[in-house]
Amino acid sequence: MSRRTGVRGREGVWGWLFVSPMVLVLGLFLALPIFMALWVSLLDWNGQSNPFTGGEAEFVGLDNYRDLLTQDGLDRTLFATSMRNNAFYVLLTVPLATAAGLGLAMIVNQRLLKARGALRTGFYFPSVTSSIAVSTVFLFLFQGSGAINSLLSWVGVKGPNWLNDPRGVVWAVLGGLGLVDPDHPSAFLAAHDFLGLPFSEWLAGPSVALLTMIFMATWTTSGTFMLIFLAALQNIPRELEEAAALDGVNRRQLLRHVTLPAIRPVLFLVLTLALIGSWQVFDMVYVMGQGSPANTTLTPAYLSYKSAFDNAEFGQGAAIAFILFALILVFVGLQRWLLRERTPKEAKHA
């Protein structure tokens, strides 16, 4: 017994010895910068001095967080606006990109489909293209006199000035139907607010410009999700599908009761990647307008960058980043709970 314990003990020591370089690297380049940024979020620091040795960096505690979450002012309004925009971005991009990726994977997983390799390459190509290059192309496609509006004009439709249209699409549609007046919302919606932003602005929906970015994000990320889903679909035993076919299930029932349960861990992975990526969107915002028009494409990630490097408010920029980090952890935890393996009793009640 002592001999086995000694052998296992030596294996543990050697195991830690072999992984220690990677642990050291992760500690130096991941964990340590996180704690340094957390300290900066508690300071009023302009980036011109050493924040760890006093000097011009003043310790302000949670004031940066209060300015963003509770104190009325421009900082809180901009943060609330960025959160509203990103919330719409997440609500549309995550399910659309996930559904598109799964749909494409199911298409190229057909055994009788010809040119599957070419289709996989074509679907995946946007994902490996530089996001800066794709954003630049979309700027030309969706400008007022761009290719998209030219195509729409052929069928008698006058397209909007996509990337310069700040109208919320929900209010625009309801206003077009005569159900609401977008310029004069109800007194209740105008009088009540969340994070300093009136309910009417939260409910206005994503702007036309933001919808363009959502379409672009869905197009560029669905190829990556397709490959992940394809690997999962190819690992589903054929016996399950054959047994389901013998039971007479249709395609919708096969997807719900066989395919999705079999790929649940992969579905959680894809949703997690989509959720994290959609809360961290920065590059396309930087290229396609830097928050314009009227801050309707402003995101917390870009606002964090703008606060730190444009306004020299590094403490506030770090505070925005940590609020975003906390939100991502909460949503990932909620998602994990929703996609957990349920007991037979829980499944029956669900």
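## Close-up views of a predicted model

View 1. R84 counts as buried, at 8% relative accessibility. This is a predicted model, and here the side chain of R84 meets that of E201 in a salt bridge, 3.6 Å from N to O. The two come from distant parts of the chain: R84 sits in helix α3 and E201 in helix α9 (residues 199-202), 117 residues apart. E201 is partly exposed, with a relative accessible area of 33%.

View 2. Searching the whole structure turns up four salt bridges. One of them joins R76 to D72, with the closest N and O atoms 2.5 Å apart. R76 is buried, at a relative accessible area of 12%, whereas D72 counts as exposed at 68%. Another salt bridge pairs D165 with R167, and its closest N and O atoms are 2.8 Å apart. D165 counts as buried because its relative accessibility is 8%, while R167, at 47%, counts as partly exposed.

**View 3. N85 and its contacts.** Look along helix α3 (residues 74-108) and you'll find N85. A polar atom of the N85 side chain lies 2.8 Å from the backbone oxygen of N295. Leaving aside neighbours within four places in sequence, N85 is in contact with L210, N295, T296, T297 and L298.

**View 4. R120 in helix α4.** R120 belongs to helix α4, which covers residues 116-128. At 28% relative accessibility, R120 counts as partly exposed. Once neighbours within four places in sequence are set aside, R120 is in contact with V108, M226 and L230. R120 and L227 are 107 residues apart in sequence, yet their C-alpha atoms are 8.0 Å apart in space.

**View 5. Aromatic rings in pairs.** The structure holds 20 aromatic pairs. F138 and W219 make a tilted one, 5.9 Å centre to centre with 45° between the planes. This pair links distant parts of the chain, since F138 is in helix α5 (residues 131-141) and W219 is in helix α10 (residues 208-234), 81 residues apart. F138 is buried at 4% relative accessible area, and W219 counts as partly exposed at 42%. F322 and F325 form an edge-to-face pair, with centres 6.4 Å apart and planes at 85°. Both of these residues lie in helix α16 (residues 314-338), three residues apart, or about one turn of the helix. F322 is buried at 17%, whereas F325 is partly exposed at 43%.

View 6. Ring pairs tie W45, F282, Y286, Y302, Y305, F309 and F314 into a cluster. The largest nonpolar core has 58 residues, and those with the most contacts inside it are F79, Y89, F229, I263, W279, M284 and M288. Among the elements giving two or more residues to this core are α2 (63-69), α3, α13 (264-279) and α15 (300-310). Leaving aside neighbours within four places in sequence, F79 is in contact with L68, L69, L303, I320 and I323.

Notes: Residues numbered from 1 in each chain as written. Predicted model: local features only at pLDDT ≥ 70, side-chain atom pairs only at ≥ 80, totals over all residues. Heavy atoms only, no water. Phe/Tyr/Trp six-rings, centres within 6.5 Å; stacked < 30°, edge-to-face > 60°. Helix = DSSP H or I, 4+ residues; strand = E, 2+ residues; numbered from the N terminus. Buried < 20%, exposed > 50% of the residue type's maximum accessible area, 1.4 Å probe, protein only. Polar contact = N/O pair within 3.5 Å; in protein donor to acceptor, adjacent residues only side chain to side chain. Contact = heavy atoms within 4.5 Å. Core = buried A, V, L, I, M, F, W, Y, C linked by side-chain atoms within 4.5 Å.
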